[in-house]
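Here are my notes for you, point by point. Have the model open while you read, and click on each residue as it comes up.

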Amino acid sequence: MPAGRNSRLIDPQSNPHGPATITSQPQIPAVSLRVIPRDQHTISRKDISPNALRVLYRLRDAGYAGYLVGGAVRDLLVGGHPKDFDVATDATPEQVKHLFRNCRLIGRRFRLAHVVFGREIIEVATFRANIDDGSGDRQLHEGGRLLRDNVYGSIEDDAVRRDFTANALYYAIEDFSVRDYLGGFEDVQARQMKLIGDPEQRYREDPVRMLRAIRLSAKLGFEIGAETAEPIPRLASLLSEAAPARLFEELLKMFLSGHAVASFEGLERFGLLPAILPETAAALSSNRSGALRRMLLEGLRGTDLRVANDEPVSPAFLFALLLWPAYCRALMALQAGGMNAEEAQRRAADRVTLHQLQTVALPRRFSLPMQEIWLLQSRFSTRQRKRVTRLLAHPRFRAAYDFLLLRLVASGEHAEDVEFWREAQTLSGDALSASLGAEGGADAYLGEDDAPPKRRRRRRSSSAAAATE
Ligand code: ATP
Ligand code: MG
């Protein structure tokens, strides 16, 4: 990438001015400025956050260049509603801080300015060169780190260091034009995701870009350009070098932003599943009936629907879903080795969690409820009054019940349990007792609360394992 050659340190004393400083640099062959005037694009100020506009105007009035950039410009061009608005400027972070009382500087490696308006934060980044790829995977870039920390760049450098051409468009407040240095405007019109520069090199620099290609194409309904797509299956295993914490964040974005099904199918199509969810990938490929995959997709469909309806979605439930195939497989193996059901469930849950942590840093506040969702599945066949009451009051009951529903939809099994617990939730304590008392088979357990119903339990656990057959 030639951008580094052209990077320069901005002298904080100088006050580089907006459009006047924009010159195309002939030594970067791929870069040439195309200005798309207001009447040739669809971005309207009324769709831009008023706070982002405030930041842009203030920068301009102080004589700096300020552009809306990145995902927001891309999303606005396709008629979407950006969830956040980023600004790029030639002002240094200190200069930005000077302009805004409500500004704080963050980041040690590369300083960024956050301008805070109540709950909305406008991130203002100084143009920078392709020194820091934003990956956070420091081990890939040993040496030269100090340099990297402080090198600002021109707007051209800033465009070239971004990932996709569609993400390298700049909206200028002074004339409401879009500035395109790399052909991104055309690519957005053609609904193409294309990496800037040599795709293989860009993936090697930062393998998470493979996930971003899939996530963003799923979100936008874009196709991944042929050259950008080609290296992905070959380089999939590089993802294991990415920082687990970053992969966790990326997976949340991928699956909790309303495009989980399309993202999952993209991961499968490009062979990335074994790199990020290895045990689930193995379980899915050995599950001949396809029941596990059906259940997973059904769950992701439900997640997308909840996002579309503005209902909350939880990382614990999501990971319970994503790792359920792995859990079922581990459980089956342990039980086949003769371990009793309860012990096998606990061990399987721990084992799957531990193995997954090697790739994706799933925080405990999510992995514990995830495991509870799994372990509660075996308790739904009880009809014993005290156990029923206790399960209904369990903080994870609702999530576990929703999970049971998914299992019903995917396999047609557990219909009786779903019906029982659906009704149980609607009944008062007395009505529940009466209904339990009235049930023939369940009567046998009334009053025997401490005697574990061994026979029933064994049957339950094997039904979880049955899904893997
Ligand atoms: P969304 O916010 O919809 O998830 P986005 O493109 O805005 O998508 P962000 O993570 O918010 O994604 O990144 C903002 C911008 O930073 C991107 O548009 C892109 O220009 C740049 N960027 C992000 N990640 C990378 C990366 N790994 N390599 C190069 N540039 C990146
Ligand atoms: Mg963004």
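1. Start with the aromatic cluster: ring pairs link Phe 317, Trp 324, Tyr 327, Trp 374 and Phe 403. Rings of Phe, Tyr and Trp (its six-membered ring) count as a pair if their centres lie within 6.5 Å; planes under 30 degrees apart are stacked, over 60 edge-to-face, and the rest tilted.

2. A quick word on ground rules. This is a predicted model, where local features need pLDDT of at least 70 and side-chain atom pairs count only at pLDDT 80 or more, while totals for chains, interfaces and linings use all residues. Residues are numbered from 1 along each chain as its sequence is written, chains are lettered from A and ligands numbered from 1 in the order in which they are written, and side-chain values use heavy atoms, leaving out hydrogens and water.

3. How many aromatic pairs does the whole structure hold? The search turns up 15. One of them is Phe 317 with Phe 403, edge-to-face at 5.7 Å centre to centre and 75° between the planes. Phe 317 sits in helix α17 (residues 315-322) and Phe 403 in helix α22 (residues 397-411), so this pair ties together parts 86 residues apart in sequence. (Helices are DSSP runs of H or I, at least four residues, numbered from the N terminus.)

4. Buried here means under 20% relative accessible area (1.4 Å probe, protein chains only).

5. Now look at another pair: Phe 397 and Tyr 401 are stacked, 5.9 Å centre to centre with 15° between the planes. Being 4 residues apart in α22, they are separated by about one helical turn. An α-helix has 3.6 residues a turn, so residues three or four places apart point the same way. Phe 397 is buried at 4% relative accessibility, and Tyr 401 is buried at 4% too.

6. After α18 comes Gly 338, with a positive phi near 95°.

7. Finally, ligand 1. A polar side-chain atom of Arg 215 lies 2.7 Å from an oxygen atom of ligand 1.

Technical notes
Helix = DSSP H or I, 4+ residues; strand = E, 2+ residues; numbered from the N terminus. Polar contact = N/O pair within 3.5 Å; in protein donor to acceptor, adjacent residues only side chain to side chain. Buried < 20%, exposed > 50% of the residue type's maximum accessible area, 1.4 Å probe, protein only.
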